Amino acid sequence: MMNENRVKPENQRYPAGKTFAWGMQHVLTMYGGIIAPPLIIGSAAGLSAADIGLLITAALFVSGAATLLQSLGLPGLGARLPLVQGVSFASVSTLVGIAAGPGGLPVVAGAIIGASLFGLLIAPFFAHVIRFFPPLVTGTVITAIGLSLMPVAARWAMGGNPKAADWGAPENIGLAALTLATVLLLSKVGGGGIKRLAVLLAMAFGTLLAAMTGKAN
């Protein structure tokens with residue numbers, strides 16, 4: 001017989017230290033995930049630095065609004081869970097192709113609006129068909145998305161600016177590699193708390209190394 005007094009996982013309260021650390025990691029990871037797609041798509045569309053900044057601001061604003069909707073919920077909408085709603089990488093490759101075409105960013109915006117309306121309509125039914133997509137299928141899709149973004153990650157690891165004098169310098173690539181290795185190492189050998197904070201700790205370690213080597217701005 002189930003314990004009716006058992007607290008659901010999403011309603012559990014953790015000590016302030018763990019809550020702050022996990023929340024900080026979630027926000028930092030979310031922030032990187034939100035600004036990356038506008039940077040990629042804006043560059044493909046040939047936008048200026050100011051326009052790309054405006055695109056990033058819009059993405060952050062909409063992500064915040066979506067986070068409130070998901071966390072607080074409305075009748076028929078929202079998961080009512082403590083999660084941050086970011087920007088999906090699933091459509092980045094497609095949107096980059098559209099942005100590089102003659103239509104540019106306006107066509108990208110129109111495609112997103114149309115796809116969003118369609119997604120909103122099918123969302124209630126998709127929950128009933130998700131069981132027909134085994135982990136092998138969803139894992140393959142996620143892997144394909146990651147592979148399609150590898151060139152972007154490689155350019156950022158080389159320094160981010162192809163015109164810079166230190167583009168592709170060993171210290172740039174080494175800093176990225178050490179940060180990645182730290183994530184993998186902590187995820188593999190760390191305890192439960194360390195594994196949950198692997199990304200945050202690796203970001204702190206990478207930033208410290210960057211500051212010590214004069215790479216932090």
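A contact here means heavy atoms within 4.5 Å. Among contacts in the chain between residues at least 6 apart in sequence, 49% join residues at least 24 apart. This is a predicted model, in which local features need pLDDT of at least 70 and side-chain atom pairs count only at pLDDT 80 or more, while totals for chains, interfaces and linings use all residues. Residues are numbered from 1 along each chain as its sequence is written, and side-chain values use heavy atoms, with hydrogens and water left out.

**Overall make-up**

- The chain has 9 helices and 0 strands, where helices (H or I, at least four residues) and strands (E, at least two) are DSSP runs numbered from the N terminus.
- Its pattern along the sequence reads α-α-α-α-α-α-α-α-α.
- The C-alpha trace spans about 65 × 45 × 35 Å along its principal axes.

**Surface and charge**

- Of the 217 residues in the chain, 17% are buried; buried means under 20% relative accessible area, exposed over 50%, and partly exposed in between (1.4 Å probe, protein chains only).
- The accessible surface comes to about 14,900 Å², and 72% of that surface belongs to carbon and sulfur atoms; areas come from the Shrake-Rupley method with a 1.4 Å probe, and for residues only the protein chains shown count as cover.
- There are 12 positive and 5 negative side chains, and the centres of the two sets lie 10 Å apart.
- In that count Lys and Arg are positive and Asp and Glu negative, with His and the chain ends not counted; each charge is placed at NZ of Lys, CZ of Arg, CG of Asp or CD of Glu.

**The salt bridge**

- The structure holds 1 salt bridge, defined as a side-chain nitrogen of Lys or Arg within 4 Å of a carboxyl oxygen of Asp or Glu.
- Lys215 and Asp166 form a salt bridge, with their closest N and O atoms 3.0 Å apart.
- This pair links distant parts of the chain, 49 residues apart: Lys215 is in the segment after helix 9 (198-212), and Asp166 is in the loop between helix 6 (150-157) and helix 7.
- Lys215 counts as partly exposed because its relative accessibility is 30%.
- Asp166 is also partly exposed, at 31% relative accessibility.

- Asn172 lies in helix 7 (residues 170-189) and counts as buried because its relative accessibility is 10%.
- Leaving out residues up to four places away in sequence, Asn172 touches Ala157, Met158, Gly159, Asp166 and Lys215.
- The side chains of Asn172 and Lys215 are joined by a polar contact of 3.0 Å; such a contact is a pair of N or O atoms within 3.5 Å, where within protein one must be able to donate a hydrogen and the other to accept it, and residues adjacent in sequence count only if both atoms are side-chain atoms.
- Asn172 and Ser43 are 129 residues apart along the chain, and their C-alpha atoms are separated by 21 Å.
- Thr182 is found in helix 7 and is buried, with 15% relative accessibility.
- Thr182 touches Ala202 and Phe205, not counting residues up to four places away in sequence.

**Leu117 in helix 4**

- Leu117 belongs to helix 4 (residues 104-129) and is exposed, because its relative accessible area is 52%.
- Leu117 and Ala100 are 17 residues apart in sequence, with 24 Å between their C-alpha atoms.
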